[in-house]
Amino acid sequence: MSKDQIIAWLGERFDLKRIQELVDQQVKKPLPKNISWLHTLGSMSLFLFISQILTGILLLIYYRPTVNEAFESVKFIMTKPSLGWLYRQVHAWGANLMILIVFLHMLRTFFMGAFKKPREITWVIGALLFIFTLVFGFTGYLLPWNQLAYWATTVGTEIAGGIPVIGEWTKIFLRGGAAIGGETLSRFFVIHVIILPWLVFFLIGAHLLLVRVQGISTMEKVDQEIKLKEGEGTPFFPHHVLKEGIVLYLLIGILIGLSILLPFELGEKADPLQTPHAIKPEWYFLPMYQMLKYLPKLLGILMLAMGPLILIGWPFLDKTKARHPRQRPISTGIGIAMIVLLIVFGLLGHWAD
Amino acid sequence: MSKENQMNLSQRDFLSWLLKGGVILTLAGFILPAITYLLPLTRQAPVGGMVDVGKKEDFPTGAGRKVILGGKVILVIHLASGFRAFSATCTHLGCLVDWDEKKRQIACPCHAGFFNSDGSVISGPPPRRLMAYVITVVNGRVMLSA
C-alpha cells in the first residue's frame with residue numbers, strides 16, 4: 001500500500017483539507033516578538049511530565065506496592081534489570097527538576113504580568129498544576145518505603161492533623177489508619193499512578209488549549225494588546241520549535257548527567273519502631289516546614305492553607321493594567337519578598353538540626 | 001538553476017536529513033534500552049552441585065512428590081529399587097505430570113500422556129521422554145543434582 005493510497009483511503013472518510021488547514025493554522029501561528037528562552041519553561045515542564053510518565057510506566061513493571069515488597073522491588077529495579085537504576089534515577093531527578101521548572105515557569109508568568117486579563121483562567125489552572133506537582137512529589141516519595149520516606153510521610157501527615165476540627169479525621173483519612181502502613185502505601189500509590197496522572201493530563205490539555213486560543217501574552221497593558229497578523233512576529237514553526245528542541249536535548253543531558261553523577265540513595269527499609277535522626281522533608285517542602293517551627297501550630301497551618309488559595313486567586317487580587325514588572329512595584333515587591341522568604345526559610349531549614 | 005542555488009538545495013537537504021536522523025536516533029536510543037529493561041530476567045543464579053531436598057522419610061516408598069529446584073518443578077519417585085527424579089514438565093505442552101501410585105506410571109492430566117517409571121513415553125501425545133535428574137541418598141538426606 002503506497003502513501004497515496006493511504007491518503008486516498010483516509011480522504012474518502014475524513015475532510016483532510018480541513019484538518020490540514022487546522023494543523024497549518026496552529027503550526028504557522030505567529031508568536032509575538034518578545035518570545036524568549038524563558039518562554040520554553042512551559043514546554044520544559046511538559047517534557048518533564050512526559051518523561052515522568054514514561055519512566056513511571058517502566059518502574060511500574062517491577063514495582064510492587066506492598067509493605068513487604070515495595071523496598072525490595074525498588075532495590076531489584078536498581079540492581080537487576082538492564083538500566084533499571086537509570087530509570088529510577090531519571091524518575092527521581094525528573095520529579096525534583098519538574099517542581100523547580102514549573103515554579104520558574106510560574107515566576108516568569110508572574111513577573112511578566114502574563115496572568116492578567118484575559119488569561120486569568122490559564123493562571124488558575126497553572127497554579128493547580130503546580131500544587132498537583134507537589135502532591136506528586138509527596139505521594140511518590142513514600143513509594144520506595146525507606147526510612148526517610150516513612151518518617152517524612154509520618155511528619156507530613158501529622159501536620160495535616162493539626163488543622164482545627166477536621167484535622168484528626170484528615171490525618172486518618174490520608175493514612176488509611178492510625179499510623180503509616182500498608183493502607184497508606186496503597187492510597188499514595190493509587191493517587192500517584194492513577195488519579196494525579198490523569199488529572200494533570202487533562203489540566204495540561206486545558207492549559208495548552210487556552211494558551212493556543214488566547215496566544216502568548218505581550219508586555220502591552222491589559223486591553224491594549226495588538227493582535228498579530230499572519231507574517232508578523234516569530235513563526236511557531238520552525239523558529240520557536242527549534243528553540244524548544246535545543247532545550248529538550250539540554251534537559252535530557254542534564255537529567256541523565258545528574259542521574260549518573262548524583263544518584264539518589266535508597267537507604268534503609270522503613271522501620272516503624274525506629275525514627276532516624278534529624279528527619280527533614282524534601283527541599284521543596286523545607287521552607288514551609290521551617291516556617292511552622294517559628295509560628296504557633298494553628299497560625300502556621302492557617303498560613304500554609306492560605307498560600308495555595310492566594311496563589312490560585314492572584315489574578316483576581318492584582319487587577320492593575322500594567323504588565324511590566326517596573327510599572328507595578330507593589331506586586332513585583334511582593335513577588336521578590338516571597339522568593340527571598342522561601343530561600344531564607346529553606347536555608348534555615350537546611351542548616352537546622 | 002545557478003550553481004549557488006544547487007548548493008543551497010543540497011545544504012538544505014543535508015540539514016533536513018541530519019535533523020530527521022537525529023530524531024530517529026534519539027527515539028531508538030530511548031526505545032532500545034527500554035526493551036532490554038523489559039526483557040524478563042530468566043537467567044537464574046547458577047545452582048551448583050547437589051541440593052538437599054528433604055529427609056528420606058519425607059518420601060514414602062511407592063509414592064511420588066514434587067519439589068521446586070531453581071524455579072523448575074521436579075518429580076521425585078521413591079521406588080523399591082531406589083529414588084528417581086524427572087522434570088515434572090510434560091514434553092507435550094508443559095502441564096505438570098503426576099505419579100500414579102496404583103498404575104506405577106507417570107501421567108499427564110492435560111492430554112492423557114503416560115510415561116514409564118524410567119521416564120520413557122508409554123502412550124499419548126508427548127514427543128519425548130521426561131528429562132531425568134541424578135538423585136541419591138546421603139546420610140538419610142535426599143540429594144538432587146541440579
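Modeller: Contact here means heavy atoms within 4.5 Å, and buried means under 20% relative accessible area, exposed over 50% and partly exposed in between, with a 1.4 Å probe and protein chains only. The model is predicted: local features need pLDDT of at least 70, side-chain atom pairs count only at pLDDT 80 or more, and totals for chains, interfaces and linings use all residues. Residues are numbered from 1 along each chain as its sequence is written, chains are lettered from A and ligands numbered from 1 in the order in which they are written, and side-chain values use heavy atoms, with hydrogens and water left out.

Biologist: Which helices do the buried residues of H9(A) pack against?

Modeller: Those buried residues, among them A:Phe188, A:His192 and A:Leu203, pack against H3 (41-62), H4 (70-79), H5 (84-111), H6 (120-142), H7 (147-160) and H8 (167-175) of chain A. Helices (H or I, at least four residues) and strands (E, at least two) are DSSP runs, numbered from the N terminus.

Biologist: What span does H9(A) reach, and what is expected?

Modeller: The expected span is 1.5 Å times one less than the number of residues. H9(A), residues 182-214, has 33 residues and reaches 46 Å from its first C-alpha to its last, close to the expected 48 Å.

Biologist: Where is the kink in H9(A) centred?

Modeller: The kink, of about 35°, is centred on A:Ile191. The bend at a residue is the angle between axes fitted to the seven residues ending there and the seven starting there. Just after H9(A), A:Gly215 takes a positive phi of about 80°.

Biologist: What makes S10(B) and S11(B) a pair?

Modeller: Two strands pair if DSSP finds at least two bridges between them. S10 (residues 135-138) and S11 (residues 141-145) of chain B have four, in the antiparallel sense, so they qualify. B:Thr136 has B:Met143 in S11(B) as its bridge partner. The two strands form a hairpin with two residues between them, and B:Asn139 in the turn has a positive phi of about 50°.

Biologist: How many residues does the contact take from chain B and from chain A?

Modeller: The contact takes 11 residues from chain B and 14 from chain A. In chain B, B:Tyr37, B:Leu38 and B:Leu41 lose the most area to chain A, together 60% of what that side buries. Buried area is the accessible area (1.4 Å probe) that two parts lose on being put together, summed over both; between these chains it is about 970 Å², of which carbon and sulfur atoms give 68%.
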